[in-house]
Amino acid sequence: MAMAEAAAPLSAHDHARVMAEYSRAGEARARALGNRGPIRLDANGRLAQDILDAYWTHGFYVFEGVAGPEELAELRADVDAILERAPVEPGAAVDRNGRPAFGEGVLKPPYRWAKPLSDPLGGTSKNNGRHPVAMSQPTLAADAPAWTVELLDGNLYLMNAAFRLYGHPGLLAAAASILGEDFVPYNEVTFIKEAGLGPSVAWHQDGTTHWDAADWDMGAHGFNFMTQLYPSTAGNCVWVLPGSHRHGKADIRTLVAESGSDRIAGAVPMLAGAGDTIVTNRQLLHGSFANSSPDRRVTLNAGFFPRKRVLGVTTKRLTGEVVTYDAERIDRRLRILLLAIDARRQRFPQEKSHVYRPLADRQDENRWSEAMRETVLKNYNQLDMFI
């Protein structure tokens, strides 16, 4: 199909059909990569070498079964509860049941809205212009809602179960193995792709700060953990171009033009089951299509950086704000990680907790209690860092 397709009207049904054709080959390529399995650690508590090799080769790895049935049920319930408290529409003061919408005293709006099946970012200057090409935007059925929640911002305050997941010892051991023991946080958001409604996220690479650094490497902009609360399918998931994290800035316009549509040649879907967590290099070229499929996707994102790529760095955030990240700010943001480790210890005492070694002597002063939700955790994402 021609490049004009991205601007041409496609019904949701036709979009799903076109995606099904594209997906068959992509699924086969994804399954052949050999980059999935449970978290496995060696005798030193580091990720098994074959997992690290697969991650650095392809740019992502699917950790299977990270959240078991009980934890998965808690995560789903918390997401649904916070969505139930969303404003009835953007800017409204009440939810769909007439109660005050959630968010009193929250400085950064917890709900981000979009038009169903739209592309809010592609071809615009938003997010520092890192989404240069628009995605196909299928037409909606007559009874479709005007808006859909596409993102929740500040998972750790919004949902207790997500806060506990943040302290997962296997995931934190993976972070230490990939980024070094002094890894630091980015931010935590939930992507919502409701069946038949979820908007697209145009092709992009996440990092914006270190592409031209003299010491640039394939891990310079860190990674995201992406925990799936429902199956991540070819129709609703994030697609990636394997290995693209190793080659610097991608020429997205050329890749799309050469592919003849927004369905970039050689890309694969990040397939995962409910409870799986995908670790994804932020330099990997990725995007997601409008969710014209019948399957819901809910993804909990938690990002991390190498400390050396953040400390003392001056950069422009996606909002346009110029900021320098000093040690005091980094340590204040890291306090949330220590609290999450303790919250998880209290909920899952049978697990061996992760020890964040750079601040191991401060764990006793960061014990979790519900009182800390309002005194420490609320508005914690004002300290989010972006590179």
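Which residue in β10 does Met-226 stand opposite? In this predicted model, the residue opposite Met-226 is Ile-278. The strands that meet here are β7, residues 223-228, and β10, residues 277-281. They run antiparallel and are joined by five bridges.

Both strands belong to an open sheet of eight strands. Its order is β1-β2-β10-β7-β12-β5-β4-β3. The pairing is mixed. In general, strands of a sheet pair through backbone hydrogen bonds, in either a parallel or an antiparallel sense. Two strands form the edges of this sheet: β1, residues 36-37, and β3, residues 111-114. Each of these edge strands pairs on one side only. Helix α2, residues 49-58, packs on the sheet. The helix touches β2 (60-63), β7 and β10. The directions of α2 and β2 make an angle of about 135 degrees.

Helix α2 also holds Asp-50. With a relative accessible area of 44%, Asp-50 is partly exposed. Its side chain makes a polar contact with the side chain of Arg-40, at 2.6 Å. Tyr-186 lies 136 residues from Asp-50 in sequence. In space, the C-alpha atoms of Asp-50 and Tyr-186 are 26 Å apart.

Helix α7 covers residues 169-179 and is mostly covered, with 11 of its 11 residues buried. Among them are Pro-169, Leu-172, Ala-173 and Ala-176. His-354 sits in the loop between α9 (327-347) and α10 (372-377). Its relative accessible area is 14%, under the 20% cut-off, so His-354 counts as buried.

Leu-117, however, has a positive phi near 60 degrees. This leucine is placed in the loop between β3 and α4 (126-129). Leu-117 is buried, with a relative accessible area of 1%. Asn-379 is not a glycine either, and its phi is positive at about 65 degrees. This asparagine is found in the segment after α10. At 19% relative accessible area, Asn-379 falls under the 20% limit and therefore counts as buried.

Overall, the protein contains 10 helices and 14 strands. Its radius of gyration is 20 Å, close to the 21 Å that the globule rule gives for 387 residues. The protein is therefore as compact as a globular protein of that length. The C-alpha trace spans about 60 × 50 × 40 Å along its principal axes. Of the 387 residues, 56% count as buried. Among contacts with a separation of 6 or more, 82% come from residues 24 or more positions apart. The protein exposes about 15700 Å², of which carbon and sulfur atoms supply 53%.

Note on methods. Residues are numbered from 1 along each chain as its sequence is written. This is a predicted model: local features need pLDDT of at least 70, side-chain atom pairs count only at pLDDT 80 or more; totals for chains, interfaces and linings use all residues. Side-chain values use heavy atoms; hydrogens and water are left out. Two strands pair if DSSP finds at least two bridges between them. Helices (H or I, at least four residues) and strands (E, at least two) are DSSP runs, numbered from the N terminus. Contact means heavy atoms within 4.5 Å. Axes are lines fitted to C-alpha atoms, for helices over the stretch in contact, and angles run from 0 to 180 degrees between N-to-C directions. Buried means under 20% relative accessible area, exposed over 50%, partly exposed in between (1.4 Å probe, protein chains only). A polar contact is a pair of N or O atoms within 3.5 Å; within protein, one must be able to donate a hydrogen and the other to accept it, and residues adjacent in sequence count only if both atoms are side-chain atoms. The radius of gyration is taken over C-alpha atoms; the globule rule is 2.2 Å times the number of residues to the power 0.38. Accessible areas come from the Shrake-Rupley method with a 1.4 Å probe; for residues, only the protein chains shown count as cover.
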